[in-house]
Amino acid sequence: MVKRIYWLLVVCLLPSTTFASQYFNQIGWITPESQVHKLLQYPDILDSIYRDNDNQLIWFDLQQSSKLEFQLEVIQQAGFSSLFNRQLSYLNFYRKSNRWYEYDLLATDTTLLYLSYATLAQSQGKDWFFEQRLTGTLPPPPVSVQIAFKRSVIHQELAELIESFTPDSDGYHNLIDTYLNVVRFQKLDLPLYQQYGLKRVGDKIEQRDVLLQRLAIVDVDLIDVDKEATWYDKSLEPAIKQFQRLHGLKPDGVIGPNTIKWINLPLEQRLSTLAINAERIRYWPTARDTIIVVNVPSFEMTYWDDGQEVFESKVVVGKIARPTPLMTTRLDSLILNPTWNVPWKIMVEDIIPKVQEDREYLTRQNIKIIPKWGSKDEINPDTIDWDNLTPSAFPYRMTQLSGNHNALGLYKFNTPNRRAIYLHDTPSKGLFSEEQRAFSSGCIRVENADVFANRLIDTYGVIREENVTSEPKSNHAIPLRNRIPVHIIYQTAWYEEGNVHYREDIYRLDGNSLI
């Protein structure tokens with residue numbers, strides 16, 4: 001009796017992993033030396049699952065296990081989780097070695113890990129996909145999910161369960177379909193496309209067959225292209241222009257360095273881009289009821305109202321040194337003829353050095369110096385010793401008065417947040433003609449801001465005192481009846497109008513960029 005009590009005490013004090021491992025040792029599935037002991041994340045849950053299943057193997061249907069392994073492959077290709085990478089590598093090893101008991105345990109455990117990841121991605125995806133990556137352990141999936149898993153085991157519907165925890169949007173499925181299409185080209189070992197100088201319609205192309213193969217990777221329409229021609233003929237031009245549009249290039253049909261760079265993008269990198277952007281769909285909003293979405297890499301903004309796209313615009317986003325943050329905020333009002341309170345960093349790093357070089361800079365830019373925010377007093381810039389001033393020690397603040405030359409233009413779309421990031425007009429209209437539009441200090445400049453302002457007032461403005469193209473007094477605010485969600489996202493690949501589009505990873509957040 002004493003020995004029995006002692007044994008029970010020891011069992012209670014043993015870590016759960018040890019107890020569960022002993023259980024699987026006892027039924028003859030694994031040996032104490034097996035590496036699988038260290039790989040299991042949820043041994044107690046596994047104990048319960050296999051007891052309920054009469055200690056039978058679960059993954060005897062390879063179709064179900066292939067579904068799991070493919071989801072893990074996409075996560076591995078996305079490159080944000082060393083934890084999933086390790087589990088997949090051991091699953092492959094156990095399967096190829098016919099070590100089916102270890103495979104079965106690890107497959108069950110890793111499915112629970114995947115279900116936990118899928119459940120938490122919407123709340124924690126920003127960290128995993130952009131910042132810290134997923135390196136540690138995850139909590140067990142909710143009890144309801146564990147029950148669903150056990151039910152799927154009984155009905156042999158594990159593949160369906162895994163499918164139910166993947167995004168169910170056209171955007172996701174088309175990225176995955178494109179991913180599978182690119183995988184096919186890996187087997188061909190395609191050479192790089194090479195040419196000298198620029199190529200236009202009428203020029204001879206030495207590697208036209210290689211060019212067509214590489215265009216096919218991104219599903220460019222080649223149906224009407226003459227397959228026998230050896231030069232850049234008219235039939236090829238639409239395909240080149242389509243390829244350029246899909247990659248955010250000027251669709252001029254000229255094959256130059258930027259086009260060639262995308263044509264020769266390594267297949268491994270294209271797969272990684274597709275995979276990470278497919279997984280990010282778990283985090284981004286999918287509803288398009290009333291929402292404003294800014295996609296930073298595409299330099300574009302879209303406004304939906306009541307499920308309908310009512311405004312689309314090019315935007316200018318933060319430069320690499322001052323990136324636009326990924327965030328969710330709400331647009332609550334429209335500010336007409338705004339003044340601009342110059343942020344400290346811009347004042348110290350940009351404006352003061354310019355004043356030290358040119359004393360008339362403040363006057364030309366209509367910027368005044370004040371003692372502190374909200375003060376009506378003004379500091380005479382002539383009283384400041386600019387030559388001996390250390391910018392970071394500047395004791396005052398700067399405000400730019402409203403007008404056509406104000407950095408915010410004539411419209412500010414107010415989105416209160418601690419980072420002071422908002423959408424606004426700009427006097428620098430020429431920047432919208434650039435392909436790469438990362439020029440701001442973090443805020444988002446909107447092309448055709450007057451049209452956007454009128455759209456907002458038509459749908460959500462509290463009052464319509466005047467047309468917004470008039471010039472009211474400074475900082476005239478028009479509140480909106482409802483605050484509109486604004487999502488600043490980062491998609492370097494997405495599905496739109498029948499094709500997957502790609503963009504440069506300007507902030508190097510994908511973790512795989514060569515372009």
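Student: How many helices and strands are in the protein chain?
Tutor: The protein chain has 17 helices and 14 strands. Please keep in mind that this is a predicted model.

Student: What does the C-alpha trace span along its principal axes?
Tutor: The C-alpha trace of the protein chain spans about 95 × 75 × 50 Å.

Student: And how much of the chain counts as buried?
Tutor: Of its 515 residues, 51% count as buried. The accessible surface of the protein chain is about 25300 Å², and carbon and sulfur atoms account for 49% of that area.

Student: Contacts next: what share joins residues at least 24 apart?
Tutor: The share is 68%, taken among contacts between residues at least 6 apart in sequence.

Student: Changing topic, what volume does the largest pocket have?
Tutor: Its volume is about 1100 Å³.

Student: Which residues lie nearest its centre?
Tutor: Those are W340, P343, I346, Y422 and S441, out of 42 residues that line the largest pocket. Two or more lining residues come from each of β5 (340-341), α15 (344-357), β8 (411-414) and β10 (438-440).

Student: Which element gives the largest share of that lining?
Tutor: Helix α15 does, with five residues.

Student: Which domains does the lining draw on?
Tutor: At least three lining residues come from each of domain 3 (285-339 + 402-490) and domain 4 (341-401).

Student: And what is the lining like by class?
Tutor: The lining of the largest pocket comprises 19 nonpolar, 15 polar and eight charged residues.

Methods. Residues are numbered from 1 along each chain as its sequence is written. This is a predicted model: local features need pLDDT of at least 70, side-chain atom pairs count only at pLDDT 80 or more; totals for chains, interfaces and linings use all residues. Side-chain values use heavy atoms; hydrogens and water are left out. On a 1 Å grid over the protein atoms alone, a cavity is a set of points where a 1.4 Å probe fits but cannot get out, and a pocket is an open set with protein on both sides within 12 Å along at least five of seven lines; lining residues have an atom within 4 Å of a point. Grid points are joined across faces, edges and corners, and a volume is the space filled by probe spheres set on the points. Helices (H or I, at least four residues) and strands (E, at least two) are DSSP runs, numbered from the N terminus. Ala, Val, Leu, Ile, Met, Phe, Trp, Tyr, Cys and Pro count as nonpolar, Asp, Glu, Lys and Arg as charged, and the others, Gly among them, as polar. Domain bounds come from an automatic or database domain assignment. Buried means under 20% relative accessible area, exposed over 50%, partly exposed in between (1.4 Å probe, protein chains only). Contact means heavy atoms within 4.5 Å. Accessible areas come from the Shrake-Rupley method with a 1.4 Å probe; for residues, only the protein chains shown count as cover.
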